[in-house]
Amino acid sequence: MAKNVAQSSLDQRLAMAKRCSHEGVKAGAKAAVVATIATAIPTLASARILPWAKAHLNHTAQALIISTVAGAAYFIVADKTVLATARKNSFNQATMNREA
């Protein structure tokens, strides 16, 4: 009986962790898309207009700038989302344990 309760608790925690990580992935992907668009427009425009950027930023450099910002946005937002969701769930669990 105690083993079934422990297994059920473990299953609930694993499901909660999976949900937290899924929310982080969704939020990170959305942030990456926004960051890509917000970075691509000025990067591509400046590479066509500004003389220094036209001389020094080839296509590889432009792609590197855009992808670096998108990757950073993804990981920062995903990490913050996972931590916020885990914190929220731990507070909810603490209040449920006190009530029981």
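Which side chain does Glu23 meet in a salt bridge? I looked that up before anything else. The partner is Arg19, at 3.8 Å from N to O. I am working from a predicted model, so I kept an eye on confidence throughout.

**Entry 1: the salt bridge**

I searched the whole structure and found one salt bridge. I then placed its two ends. Glu23 and Arg19 both sit in helix α1. They are four residues apart, about one turn of the helix. Next I checked cover. Glu23 is partly exposed, at 27% relative accessible area. Arg19 is also partly exposed, and its value is 42%.

**Entry 2: confidence**

I looked up the pLDDT for the chain. The average is 87. I noted that 85% of the residues score at least 70. Where is confidence lowest, and where is it highest? Helix α3, residues 59–99, is lowest, with a mean of 87. Helix α2, residues 51–56, is highest, at 94. A reminder for reading any model: where pLDDT is low, the predicted coordinates should not be read in detail.

**Entry 3: the overall layout**

I counted the secondary structure. The chain has three helices and zero strands. In sequence order the pattern reads α-α-α. Helix α1 covers residues 2–49. I then asked how much is covered. Of the 100 residues, 21% count as buried. The chain exposes about 7500 Å². Carbon and sulfur atoms supply 68% of that area. Contacts came next. I took those between residues at least 6 apart in sequence, and 74% of them join residues at least 24 apart.

Is Gly28 buried or exposed? Gly28 counts as buried because its relative accessible area is 0%, under the 20% cut-off. Gly28 lies in helix α1. I set aside neighbours within four places in sequence and listed what Gly28 contacts. The list is Tyr74, Val77 and Ala78. I also checked a distance to Phe75. Gly28 and Phe75 are 47 residues apart in sequence. Their C-alpha atoms are 6.4 Å apart in space.

Gly24 lies in helix α1 too. Gly24 is buried, at 2% relative accessibility. With neighbours within four places left out, Gly24 is in contact with Ala78, Thr81 and Val82. From Gly24 I went on to Leu83, 59 residues away along the chain. The C-alpha separation there is 8.7 Å.

**Entry 4: the aromatic pair**

I searched for aromatic pairs. The structure holds one. Tyr74 and Phe75 form this pair, and the geometry is edge-to-face. The ring centres are 5.1 Å apart, with 85° between the planes. Phe75 counts as exposed, at 58%.

I went to Val69, which is in helix α3. Val69 is partly exposed, at 32% relative accessibility. Which residues does Val69 touch, not counting those up to four places away in sequence? I found Ala35 and Thr39. I then took a C-alpha distance from Val69 to Ala40, and it came to 9.6 Å. Val69 and Ala40 are 29 residues apart in sequence.

Ala17 was next, back in helix α1. Ala17 is partly exposed, with a relative accessible area of 44%. I checked Ala17 against Thr85, 68 residues away along the chain. Their C-alpha atoms are separated by 9.2 Å.

**Entry 5: a nonpolar surface patch**

Which residues form the nonpolar patch? They are Val33, Ile37 and Ile41. Together they have about 300 Å² of accessible area. Val33 lies in helix α1, the helix that also holds Gly28 and Gly24.

Methods:
Residues numbered from 1 in each chain as written. Predicted model: local features only at pLDDT ≥ 70, side-chain atom pairs only at ≥ 80, totals over all residues. Heavy atoms only, no water. Patch = residues over 30% accessible without salt bridge, like charges linked within 9 Å, V, L, I, M, F, W, Y side chains within 5 Å. Areas by Shrake-Rupley, 256 points an atom, 1.4 Å probe, with all protein chains shown as cover. Salt bridge = Lys/Arg side-chain N within 4 Å of Asp/Glu carboxyl O. Helix = DSSP H or I, 4+ residues; strand = E, 2+ residues; numbered from the N terminus. Buried < 20%, exposed > 50% of the residue type's maximum accessible area, 1.4 Å probe, protein only. Phe/Tyr/Trp six-rings, centres within 6.5 Å; stacked < 30°, edge-to-face > 60°. pLDDT = per-residue confidence, 0-100. Contact = heavy atoms within 4.5 Å.
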